[in-house]
Amino acid sequence: MRSGEGAEVVLRGATVLDPVAGIEGVHDVVVRAGRVAELTAPGAAAADGVEEVEAEGLHAFPAFFDPHVHLRVPGQEHKEDVETGSRAAAAGGYCGILAMANTEPPVSTPADVEALREAAREAASVPTGFLATVTRDMEGGELTEMGALRDAGAVGFSDDGLPIRNARLLRRALQYQQLCGGTIALHEEDPELSGDGAMHEGPVSAALGLAGIPSVSESTMIARDAALAAYEGARIHVQHLSAAESVDAVRTAKAAGVRITCEASPHHLCLTDEAVRSLDPRRFKMNPPLRAEADRQALIEGLRDGTIDCVATDHAPHAAEEKEVPFEQAAMGVTGLETAFAALHSELVLPGTIELSLLVERLAGGAEPFGIERPTLAPGSEANIALCDLGAEWTVGEEGYESRSQNSWCAGLELTGRVLMTLAGGQVAYRLRSFSLGVAA
Amino acid sequence: MKHLLAIEDLSRAEIEAILDRAESFAEVGRRDIKKVPTLRGRTVVSLFYESSTRTSASFELAAKRLSADLVSLKAAGSSVDKGESLKDTCATLSAYDPAAIVIRHPYAGAAQLVAGWTEAAVVNAGDGKHEHPSQALLDLFTLRRRLGSLEGKRIWIVGDVLHSRVARSNLIAFGAMGAEVTVCGPPALIPRGIEQLGCAVTHSLEGLGEADVVYALRLQRERMKESFVPSIREYAAHFQIDSRRLGPRQLLMHPGPVNRGVELSGEAVDSPQSLIAEQVASGLVVRMAILYELLASGGDSAAPVEGEPERRPTPIGQPA
């Protein structure tokens, strides 16, 4: 992240909610030199000349952490870069993101990692970590120099975008992990079962004549890799769960003591393959695909019972011309950083499907699987705060996006709940324009 | 009706209006001069990204019979070959102010996209494995002439349903007209969940005797390379419609082109039960009716009359 001054601010009378730290109540949140100095009774904190934010009626949460973001650097800067992607993260209330390595070329050498970290120091609005690929250039043939990549600062490893087809190679990576550490994050998909599929296999794909990606394409690979992780005692993280069978596979592995964590995306938690009937690839084409309602319900249940550790957006920006083509030809992926909280609040919390505290917990749950400290509002911690107005109604895209791309699955949706201000890594990373104007007045 | 994108979008009444219109064009077809001036001075673009014989030929002839100016583009040999996007091609063609664009494309939803990018009426002449509405309409027309109503009739669609846009459009269309549809084929070629479109599913020809109409689909020979079927011989043994399996009172249809000896035996193709040649003939009048309904009907259902004054299309279409 860009270096700057530690924030000095008082959030006056905010409703503070940090379920993991057991904090819930109305407080003044006092931030000094970039750390949460104290939580006082409302109105009790001395201002001492620092900025005061009138936060009565607003919620202060531990800022969110997204372990699955595509910043598209190097090579695809027409879609996104470190500056725009991290700004989108800040606007979504995130205090940390991990960037995937499936760039052009992929992040496979220590020099690649060093260059990205340098770019983040110059341009990132929020702390940004980088994964390196598991296999050299993501070709699935040989391992990268995992030790040297870790020394260069790679947070972990992933060939995200592609599965590791070769079980022997994955086993070697899991063995090597004992030397160098670093969670291995897995895109789980059997390419033979997926074939040229463009959406979930089921009645909707049958009606549209689109080749289907069956749920078992994902769940069979999770079962294989959980067994490998168990055998090697290794640490794996399963990316973007989409199918009910996959939730079962992870639940079974966790019960058996496998060191496995996993994530689900806001779009898989809110949408089903019914949305694909519109044949709109900009909003509804991604991999893994949107699945059936029973799958969505299973993901929600997994979120509730802790099988799913965290929400991860799989923020995947694409240029307009890569999406303004027939569904089967369109690029896979949707953006999600700027809308994750608002979408899940609108679609799951307001209807009563899940509690607000669960959402807050899971949105910040992406740090620990990668050995990063979970954001918290406990006094003494680095200031990582998302200040949100749960009643704010807004139309996604109406004021444009911080991201360079417009392929938001929420485009045009009216959502309730909005991030007004984000503190990340001890600095003020974002203020919603209308909110900061309000403060000035 | 502003566009014809999918059978799914049409009400029974809209389908019947097109079939009635096609009847009146069949009458025109028996005259010495088969041309009517309805679309004089207006342009129809035929844009085919996939090879086609009967669909492109009949749409183009339909446009000419209606006196439209025709621009015919095939993907091979055009700017599409040079990497131009569908959207850019659309913008280019729109400069000619076409009244209609008839498009065949290898991917689902292409016609729908084009409809969003142009002022012209768009006719889907086949989009990927999704829909082929004009084929469904000509099949309905053919059957209506033979059977009168389809109400309560049993129609079996047999073969490679998975890769067939005709199967999808037809099972929706047959169902809309009151027929009971069964799809039949090897499990790997029947899409999972197809029964939710309102058809029965079977993997055996055993009950074929109940069918009033047997609609066979083309099996591409490449399918065995992808292990959808182990061999053509094994497929034919289980699913070929031949004179032994086809009853004397059953009608046989096929969208063409036929693989003789694969999905149909040669004698079945040439049997008196076969409507295949009638289907081709219906293609012309039904496609004339489609262009007429989109471009000239103005919402009423008067039959086309020679010398009738030209009318502009409804400027803002009803939902397509």
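This is a predicted model: local features need pLDDT of at least 70, side-chain atom pairs count only at pLDDT 80 or more; totals for chains, interfaces and linings use all residues.
User: What share of the contacts in chain A with a separation of 6 or more comes from residues 24 or more positions apart?

Analyst: The share is 76%. A contact here requires C-beta atoms within 7 Å.

User: Why are strand 6 and strand 15 of chain A said to stand at the edges of the sheet?

Analyst: Eight strands of chain A form an open sheet with parallel pairing, in the order 6-7-8-9-10-13-14-15. Strand 6 (64-69) and strand 15 (310-311) each have a single partner strand, so one side of each has no neighbour in the sheet.

User: How do you know that strand 13 and strand 14 of chain A pair?

Analyst: Pairing requires at least two bridges between the strands. Strand 13 (residues 235-238) and strand 14 (residues 259-264) of chain A are joined by four bridges, so they meet the criterion. The two strands run parallel. A:Arg235 has A:Arg259 in strand 14 as its bridge partner.

User: Which parts of chain A make up its two domains, and how far apart are their centres?

Analyst: The domain assignment gives domain 1 as 9-60 + 380-440 and domain 2 as 63-370. Taken over C-alpha atoms, the centres of the two domains of chain A are separated by 27 Å.

User: What makes up the side of domain 1 of chain A that touches domain 2 of chain A?

Analyst: In chain A, 31 residues of domain 1 are in contact with 44 residues of domain 2. Strand 16 (385-395), strand 17 (414-424) and strand 18 (427-431) of chain A each supply at least two residues of the domain 1 side. Strand 17 of chain A has the largest share, eight residues. By class, that side has 18 nonpolar, 10 polar and three charged residues.

User: How is chain B divided, and which element gives the most to the domain 1 side of its domain contact?

Analyst: Chain B has domain 1 (7-132 + 280-295) and domain 2 (133-278). Their centres, over C-alpha atoms, are separated by 25 Å. In chain B, 24 residues of domain 1 are in contact with 23 residues of domain 2. Helix 1 (12-28), strand 4 (121-127) and helix 9 (276-295) of chain B are the elements that give two or more residues to the domain 1 side. Helix 9 of chain B gives the most, with seven residues. The classes on that side are 11 nonpolar, seven polar and six charged residues.

User: How do you know that chain A touches chain B, and what does the chain A side consist of?

Analyst: With contact set at C-beta atoms within 7 Å, 18 residues of chain A are in contact with 21 residues of chain B. Helix 6 (residues 203-208) of chain A gives the most to the chain A side, with five residues. The residues of that side divide into nine nonpolar, five polar and four charged.

Technical notes: Residues are numbered from 1 along each chain as its sequence is written. Chains are lettered from A and ligands numbered from 1 in the order in which they are written. Two residues are in contact if their C-beta atoms, placed from the backbone, lie within 7 Å. Ala, Val, Leu, Ile, Met, Phe, Trp, Tyr, Cys and Pro count as nonpolar, Asp, Glu, Lys and Arg as charged, and the others, Gly among them, as polar. Domain bounds come from an automatic or database domain assignment.
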